[in-house]
Every structure is written in structure tokens, then in C-alpha cells.
Amino acid sequence: MKQIMKWWIICLWTLLIGACDRIDSDNRWTTEGDMMIPKEKQSTVLVEEYTGQNCINCPQAAAELKKISRLYPGKVITVALHAMRTGQARPELASETADFYASEYHIPASVPGIMINRQNLSHDLYSQKKALWSSLITSRVNIPARYRMELSADMDKENQVDIKVSARAVAEVPAASENLGIQLWAVEDIRAEQAMPNGKKTDYFHHNVLRGALNGNNGSDFHLDKEYTLKASLPAGVKVADNAKVVAFLFNKNSREVYETAIVALGNGIKDDTDNPNTEEKPGPDGQGPIYFLCEKDTVQSGGNTITEKIEVREDQTVEMVSQLIYVKPGEMKGKGPFTLIIQKEDHQGEQFGGLSQICANGNCQDATDKELFSVEMDDLNESEFIQVHYLIAEGMKKEVRDYSVRVSIVRETKELAFLHLKFRYNPENLPGEKPVEPQPNPEPEPEKPPTPQPVPPTPPHDNGKSNVLVMDFTGQRCGYCIYEIRTLERLQAEYQGHLLVAGIHTPSYAQDSNFIFEEWYEYANRRVTGYPTLIWNNKVKSRDSDEMARQYINTSPQCHSILNAQIKDKRIALSFKSTPTLGHEQAMTQREVNVLFWVAENKVMGYQAGEGYNFVHNHILRGYLNTLWGERYTFGKQIEMVKDFPEKVLQPEHCELIAIILDAKTQEFLDAVKVNLQ
């Protein structure tokens with residue numbers, strides 16, 4: 001009997017199980033990441049993320065929101081609001097619109113935090129409990145959508161955006177009587193500095209940064225039966241229009257609750273690579289990664305930003321901003337040239353806003369003939385050469401606080417391989433000027449430092465079989481590359497023991513102090529100077545290969561032997577000069593028409609030099625000539641005795657040197673040069 005009962009219970013239990021309906025997956029309890037309702041019924045949620053560049057915890061919060069968004073592709077739209085009210089934002093990414101909402105919704109001076117659809121989150125609109133964000137956002141996504149929106153936006157070349165929005169009710173019982181509003185925002189993806197737990201990241205990817213409201217901070221009325229259209233300019237805060245997007249959301253004008261959100265990109269944008277917010281991304285060694293940039297000591301990935309606030313005022317009161325030195329690290333593109341470097345304004349188009357002034361690139365510095373665009377061909381990416389950009393502040397903009405953005409691009413065969421946003425942050429309060437110095441009690445006198453570089457040896461006689469060569473160094477105080485050529489020539493002067501003579505010719509293009517300028521520089525340049533530094537050897541050959549040119553000229557047999565003596569007498573220059581052909585060159589030299597030219601150069605002049613600072617000691621500054629621009633006719637063997645005044649720009653006669661040059665009267669090639677120090 002017991003056995004029969006046992007089998008009866010088993011059969012009954014089997015029948016009961018068989019009679020139960022199968023539980024569909026949609027009706028089961030699900031994990032947080034599973035969809036609780038079909039995707040087509042889910043709402044698209046607006047998450048307003050209050051954040052700041054000075055907040056070290058904000059990158060982790062952004063990473064958490066990114067992870068949540070991936071669970072519901074296209075259903076979670078996060079907008080980053082950098083509000084100065086929070087105390088963690090910087091002007092670079094802050095906006096008045098973000099401050100308006102922070103005040104309107106009483107956001108505390110504490111970030112990171114979020115609002116979701118502007119609904120109460122556990123009795124509060126604003127949540128800073130990151131551990132709850134996933135469940136809070138999930139619950140809002142899985143509220144059946146009440147409306148569906150269609151959003152389109154087209155941008156023209158003038159950054160004017162045509163926007164169209166339509167919506168329809170999709171709920172079973174639509175609330176037709178609701179007072180609906182439509183809000184349109186401009187947001188932008190940006191690479192900019194961000195405080196991190198382990199330091200700072202200069203090119204952190206900031207996602208959907210709020211730049212401004214396109215239809216007012218409170219939005220506009222919206223009617224379901226009518227398409228909403230708007231034509232508007234992008235807010236002035238947008239740095240790169242190609243990285244901008246339009247966000248639209250439908251909301252209840254009474255309760256302010258957001259019902260549905262949409263987003264559309266206006267351009268190609270930039271790549272998001274912020275998967276690990278705690279790791280400072282480092283590019284691989286050259287040959288193993290993409291092109292990147294080194295700005296001073298900061299590594300900046302392609303698409304990133306570097307900011308400069310350095311302002312220079314020239315003697316003519318021209319105001320320029322000067323970028324830091326930018327080095328291009330070629331990575332796997334090393335040796336795969338040629339390339340084109342393109343530097344162009346990204347905003348503030350038109351000369352009324354100033355623009356590119358001077359560019360140092362590809363081994364020299366030169367004036368930008370076009371304020372909007374500069375380009376230069378490069379055989380390869382030389383990681384030892386830098387880029388430096390001078391940006392002219394227009395006369396009418398000198399009193400206005402503005403950011404000016406320039407794009408630095410590396411292009412090969414019309415394809416942009418890498419680019420950098422170079423931002424000039426101009427504030428007239430930062431204009432250089434004399435600052436009051438507070439007196440220090442009992443100041444200790446500092447020992448006098450010897451001037452550098454050391455003076456070169458006097459011109460040696462020609463009886464050692466070597467020639468003297470004179471190089472004209474067209475240079476400038478504000479030329480970033482010029483200091484390297486100055487150092488090279490110093491080394492060669494010491495190596496060749498006076499056989500190499502240098503005249504530093506400063507032109508207006510890169511002068512910091514007008515007293516450095518040789519006014520007639522263009523006569524000696526003779527259209528050969530297109531960038532700085534430019535070296536012209538014996539007024540014949542233009543070459544930057546200093547070592548080879550020095551060897552070539554100095555190690556040839558001298559054509560003539562010149563003797564120069566000079567001294568300061570009654571504040572004037574008293575000189576004697578004589579030149580004769582050397583053995584074997586008598587006939588050739590006597591048949592040539594030659595001139596003798598006397599130059600005065602000054603040493604130990606302290607002043608600014610790019611790459612060195614304001615206390616650099618300049619030598620060999622060409623101050624002027626004593627006997628006309630190209631000298632006067634000379635007959636070999638003739639003894640010249642004369643007394644001349646110093647050129648008017650000379651500051652310290654006792655630190656000057658006199659250079660005598662024998663040159664061909666027709667070609668103006670320098671045939672010989674000697675110099676003496678004046679005392």
C-alpha cells in the first residue's frame with residue numbers, strides 16, 4: 001500500500017509540473033544589466049553630470065556613467081555641466097548655462113553628482129552616491145516611453161545650425177493636455193586638462209560638455225502636432241564645430257520632468273579613449289605607436305589640447321601670444337614622409353580678430369603671410385625640431401578676454417594623421433610690464449657673473465694657410481630656433497680660433513628691442529632671407545650646414561692678407577687698414593675690382609632671447625658701417641687711415657669690434673675679413 005502511494009505522489013507531482021506554463025524570460029527576475037522591458041519601449045534618459053576639471057574624483061564618476069551607458073546603447077545621454085558655482089570648474093570648460101542650471105536646481109559646491117530626467121532621486125534631485133547610479137538610471141530607462149522624438153541638425157560653413165524636432169505620443173493613454181517644452185543644447189567633446197588621482201592629464205577626453213542653450217535656458221513651447229524648427233549659431237564657447245553635437249529633450253514645463261531625449265552629431269568628432277580613468281596614457285616608444293605631441297614636458301595625444309597664456313609686447317606695441325615649444329613624435333610614421341605641416345585658425349576668422357603672425361617650424365622661423373593658414377612641406381618628422389606659433393592679437397581686441405584656437409595638423413597625401421588644438425588664452429591683465437618690487441631687508445650683494453659667451457680670439461694672421469670667413473647670421477630675439485644657431489657658431493668660433501667671424505643681423509620680424517635692429521638689414525638679405533635663422537657665408541652661399549661650410553671656406557688658401565688696427569680715440573674710431581694679395585693670387589686679385597667695407601658690431605649686450613630668457617648676453621650685433629653700405633673702392637697695397645664716429649645705436653663703445661671686409665665690387669662676395677676689438 002505504501003509503495004502504491006509513493007508512485008501515486010510521484011505521478012501527481014509530474015502532472016502538476018507538466019500543467020505549469022513555461023516562464024518567459026521577459027517575466028523572470030533579471031539582473032541589473034538585463035533589459036526589464038523590450039528595448040523599443042524603453043525611455044531615453046537624460047543624465048546631467050555636474051563635474052569639474054579640478055575634481056580628482058570626477059574621472060571615476062565619468063567612467064561609471066560610461067559603463068552604465070554601455071548597458072543601454074543609445075538610451076542614456078549624459079551631458080557634463082562644468083559650473084563655476086561648484087568651485088571645481090575652470091573657465092576653459094565652464095559655461096553660463098551650466099551655472100544657470102546649478103543655481104536653478106540648488107546644486108551644492110560638491111561634485112561629482114547627477115540629476116536623472118530632473119526627477120526626485122530618493123527625495124532629492126541631485127545624487128552623489130555613485131553606488132546607486134546604476135540602479136537609479138536602470139529604473140528610469142525601464143519606464144515605458146511616453147513620447148518618441150525625431151531630431152535632425154545640419155551645420156553650414158558659418159557654423160549656423162538648422163534644427164528640426166518632431167515628436168509623437170506612444171503611450172496607450174497620452175497626456176495630450178500636458179504643457180510641453182523643448183530644450184536644445186550645444187555640447188562638445190573636448191580634450192583638455194583634468195585633475196586625476198595620480199596627477200594631471202593634459203589631454204583628458206571630456207564627453208558632451210555643455211556649451212550653451214540654443215533656444216534659451218528655459219527652452220521653448222512645443223506642440224505634438226507641429227514640427228519645431230530653429231536656426232541658430234553655435235555658442236561662442238564651442239572650440240571645434242566638428243566636435244559639437246545638438247541635444248534635445250522634451251519636458252513638462254510645470255514639473256520640469258524630462259520625458260524623452262535625443263542627440264545628433266554635427267561633425268566627425270574625436271575618439272573617446274577614457275576606458276581607464278586611473279591610468280595616465282603613455283604612447284609607445286617611437287616606431288610602435290601613433291603620432292603624438294610633446295608640449296614642454298607634457299605628452300599630448302592626437303586630438304588633444306595645449307594651452308598657452310604667454311604674452312609678448314613688442315616695441316611698436318604689437319601684442320602677440322607665443323606658444324610653448326611643440327615637438328612631434330612620429331611613432332610608427334618615422335621615416336615615412338614626406339609630410340605637410342598645416343597650422344590654421346579654428347575660430348575668430350578674419351583679420352579683425354588677428355591671427356597667425358610668425359611660425360617656427362621645419363628648422364626655421366618665418367613670418368606668416370596669411371593670418372588664417374600656414375603650411376610647409378617636411379621630408380620627414382624630425383622629433384628634435386620644434387613648432388612654435390606666434391599669434392597676433394588685433395588692435396581692437398587688446399582689451400578683451402578671449403581664447404583663440406589654432407589647429408596644428410600633420411598631413412600625408414591629403415590625409416590628416418594627427419592634430420593638436422593649440423589654445424591661446426588671452427587676458428589683458430597678463431600683459432607684461434614693470435612689477436613693483438618689495439624691498440628686502442639687508443640684501444646680500446650677489447657676486448658679479450662673468451658674461452657669456454666668452455669673447456672669441458682675435459683674427460689670426462693668414463700665414464697659417466687658412467682663410468677667414470664671415471657669416472651673416474640673420475637672427476632675432478624672439479626666434480625660437482635662433483639660439484641653436486647662435487650656440488653652433490659659438491662652438492665653431494672657438495674651434496677655428498678666430499678664422500670664423502660672425503655678424504648677428506637683427507631684423508624687425510623677431511626683434512624684442514628696437515635697438516637690436518639693423519635698419520638696412522634687407523640690403524644685405526637681398527631677398528634670400530625667408531625664415532630665421534638664415535646664415536649667409538661670405539655673402540655668397542646660404543646654408544645651415546655650419547660645420548661643412550666652415551671647413552670648406554676656412555681650409556682653402558687665402559686670396560689676400562689684410563691687416564687692421566683700430567682703437568677708440570676721443571669717443572671716435574681711429575683705424576688703419578692695408579690688404580695685399582697672397583702668394584700665388586697676385587694676378588687674379590689685382591685684376592678684380594674690390595671694395596673695402598668697415599662694420600661695427602657690439603658685444604656683451606644683455607637682452608631677451610627666446611629659449612634663454614631676459615638676461616641673455618648677445619654678441620656680434622651689427623650696429624652699422626663706417627663707409628657706406630657696400631664700402632668704397634680699394635686698391636691692394638693702399639694704406640687707409642681714418643677716424644669715424646660710432647654708429648648711433650652703439651650702447652657700449654668699449655665692447656665693440658671693428659670688422660674690415662674685402663669684397664668683390666660687382667658680385668659683392670666677401671673675399672677676406674679681419675676684426676679687432678675696440679678699447
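The entries below cover the disulfides, two further cysteines and one leucine.

**Entry: the model.** I am working from a predicted model. I keep that in mind for every value below.

**Entry: disulfide search.** I searched the whole structure for disulfides, and three came up. A disulfide is a covalent bond between the sulfur atoms of two cysteines. I then went through the pairs along the chain.

**Entry: Cys55 and Cys58.** Cys55 is joined to Cys58 by a disulfide, with 2.3 Å from S to S. I took the distance as a disulfide because the cut-off for the two sulfur atoms is within 2.5 Å. The torsion about the S-S bond of Cys55 and Cys58 is about 95 degrees, so I noted this disulfide as right-handed. I also looked up burial: Cys55 and Cys58 are both buried.

**Entry: Cys360 and Cys365.** The next disulfide links Cys360 with Cys365, and the S to S distance is 1.9 Å. I read a torsion of about 105 degrees about the S-S bond of Cys360 and Cys365, which makes the disulfide right-handed. Both Cys360 and Cys365 are buried.

**Entry: Cys479 and Cys482.** I found a disulfide between Cys479 and Cys482, at 2.2 Å from S to S. Which hand does the disulfide of Cys479 and Cys482 have? It is right-handed, because the torsion about the S-S bond of Cys479 and Cys482 is about 90 degrees. Cys479 is buried, and Cys482 is buried as well.

**Entry: pattern.** I counted the bonded cysteines along the chain and wrote down how they pair. The pattern for the protein is 1-2, 3-4, 5-6.

**Entry: Cys560 and Cys656.** I looked up the accessibility of two further cysteines. Are they buried or exposed, Cys560 and Cys656? Cys560 has 0% relative accessibility, so I list Cys560 as buried. Cys656 has a relative accessible area of 1% and is therefore buried. The cut-off I used for buried is under 20% relative accessible area.

**Entry: Leu501.** Where does Leu501 sit? Leu501 lies in strand E26, which covers residues 500–506. Its relative accessible area is 0%, so Leu501 goes down as buried. I also checked Leu501 against Met472: the two are 29 residues apart in sequence, and their C-alpha atoms are 8.7 Å apart in space.

Definitions and conventions
Residues numbered from 1 in each chain as written. Predicted model: local features only at pLDDT ≥ 70, side-chain atom pairs only at ≥ 80, totals over all residues. Heavy atoms only, no water. Buried < 20%, exposed > 50% of the residue type's maximum accessible area, 1.4 Å probe, protein only. Helix = DSSP H or I, 4+ residues; strand = E, 2+ residues; numbered from the N terminus.
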